[in-house]
Amino acid sequence: MSLTARLTKSITNYNSQNSIGSKLRAKRIAPFIDMMEAAYQENGSVNIIDIGGTESYWGILPSDILDKYNARITIVNLPSVTRPSDHGRYTFVAGDACNLSDFADGFFHIAHSNSVIEHVGDWNNMVSFAKEISRVASRYYVQTPYYWFPIEPHFMTPFFHWFPKSIRIWLILNFDLGNWKKVETVDEAVRAVDSARLLDTRKFRELFKDAHIFHEKLFGLPKSLIAIKN
């Protein structure tokens with residue numbers, strides 16, 4: 001197993017509650033629980049849209065929290081993503097994070113997104129994503145990896161995202177990096193490199209002007225950005 005693969009396993013093994021990633025998620029979700037409390041007090045239930053999420057992600061919450069707040073969760077992913085059947089509190093919908101026109105203004109009490117905005121494409125798409133988040137819900141919680149954290153979170157390679165694009169393409173053509181296996185063609189390498197565009201604080205704040213911006217830290221360094229509007 002490569003060094004980046006071992007690093008990926010230790011940080012992003014969300015099946016283990018003892019992994020660094022699981023512990024960080026559990027800590028960062030505390031403000032979201034406060035958001036649920038506020039929404040519940042106003043509405044007697046909490047209607048959540050999770051953009052680009054999974055049902056398993058919600059296991060980070062204590063088991064009784066979703067019941068306590070009578071939470072319903074609509075999980076939206078691209079049509080290419082396999083969707084489970086609706087069940088219990090979960091509804092699974094095919095959609096585009098940058099165009100949630102199937103949902104009326106304020107349809108949800110809370111909009112949630114974890115590590116998605118960096119994958120939607122260029123700046124125009126990010127602007128559309130942010131507008132849709134704030135349109136479909138009066139409260140929102142958006143998390144994204146931080147550009148200035150030295151370990152790129154998708155390829156799990158130090159300084160990878162700071163290298164010139166040509167070097168990043170060469171690396172993914174020649175090495176397994178994190179969860180990414182070495183690719184065979186330049187086309188695949190370019191698409192892999194373009195699949196994630198990390199944000200710094202200034203850009204993130206521009207996208208979510210009506211939110212409070214927080215830094216989640218790891219080893220004393222800002223690792224993620226979180227926008228919270230409550």
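Colleague: How is exposure defined here, and where does Ser-115 fall: buried, partly exposed or exposed?

Modeller: Buried means under 20% relative accessible area, exposed means over 50%, and partly exposed lies in between, with a 1.4 Å probe and protein chains only. Ser-115 has a relative accessible area of 25%, so it is partly exposed. Some ground rules. This is a predicted model, in which local features need pLDDT of at least 70 and side-chain atom pairs count only at pLDDT 80 or more, while totals for chains, interfaces and linings use all residues. Residues are numbered from 1 along each chain as its sequence is written, and side-chain values use heavy atoms, with hydrogens and water left out.

Colleague: Which element holds Ser-115, and what is its phi?

Modeller: Elements come from DSSP runs: helices are H or I of at least four residues, strands are E of at least two, and numbering starts at the N terminus. Ser-115 sits in the loop between strand 4 (108-114) and helix 5 (123-136). Its phi is near 55°, a positive value in a residue other than glycine.

Colleague: What about Met-156: buried or exposed?

Modeller: Met-156 has 4% relative accessibility, so it counts as buried. It lies in the loop between strand 5 (137-145) and helix 6 (165-174). Its phi is also positive, about 50°, although Met-156 is not a glycine.

Colleague: How do I read the nonpolar core, and which residues have the most contacts inside the largest one?

Modeller: A nonpolar core is a set of buried Ala, Val, Leu, Ile, Met, Phe, Trp, Tyr and Cys residues joined through side-chain atoms within 4.5 Å. The largest has 30 residues, and Ile-49, Phe-129 and Phe-208 have the most contacts inside it. Strand 1 (46-51), strand 4, helix 5, strand 5, helix 8 (201-207) and strand 7 (221-229) each supply at least two residues. Helix 5 gives the most, with five.

Colleague: Which residues does Phe-129 touch, leaving aside neighbours within four places in sequence?

Modeller: Contact means heavy atoms within 4.5 Å. On that basis, Phe-129 is in contact with Ile-51, Ala-97, Cys-98, Ser-113, Val-116, Ile-117, Val-120, Val-142 and Phe-208. There is also a second, separate core of 24 residues, which includes Tyr-57, Ala-71, Ile-73 and Ile-226.

Colleague: Now charges. How many salt bridges are there?

Modeller: Side chains of opposite charge can pair when their charged atoms come close. A salt bridge here is a side-chain nitrogen of Lys or Arg within 4 Å of a carboxyl oxygen of Asp or Glu. The count comes to nine. One of them joins Asp-105 and Arg-135, at 2.8 Å from N to O. Asp-105 is in the loop between strand 3 (90-94) and strand 4, Arg-135 is in helix 5, and they are 30 residues apart. Asp-105 is exposed at 58% relative accessibility, whereas Arg-135 is partly exposed at 22%. A network of salt bridges links Asp-105, Glu-132 and Arg-135.

Colleague: Where are Lys-165 and Asp-194?

Modeller: Lys-165 is in helix 6 and Asp-194 is in helix 7 (residues 186-194), 29 residues apart. Their side chains meet in a salt bridge of 2.9 Å, N to O. Lys-165 is partly exposed at 35%, and Asp-194 is partly exposed at 31%.

Colleague: Which residue forms a salt bridge with Asp-210?

Modeller: Lys-229 does, with the closest N and O atoms 3.3 Å apart. Asp-210 is in the loop between helix 8 and strand 6 (212-218), and Lys-229 is in strand 7, 19 residues apart. Asp-210 is partly exposed, at 42%. Lys-229 is partly exposed, at 24%.
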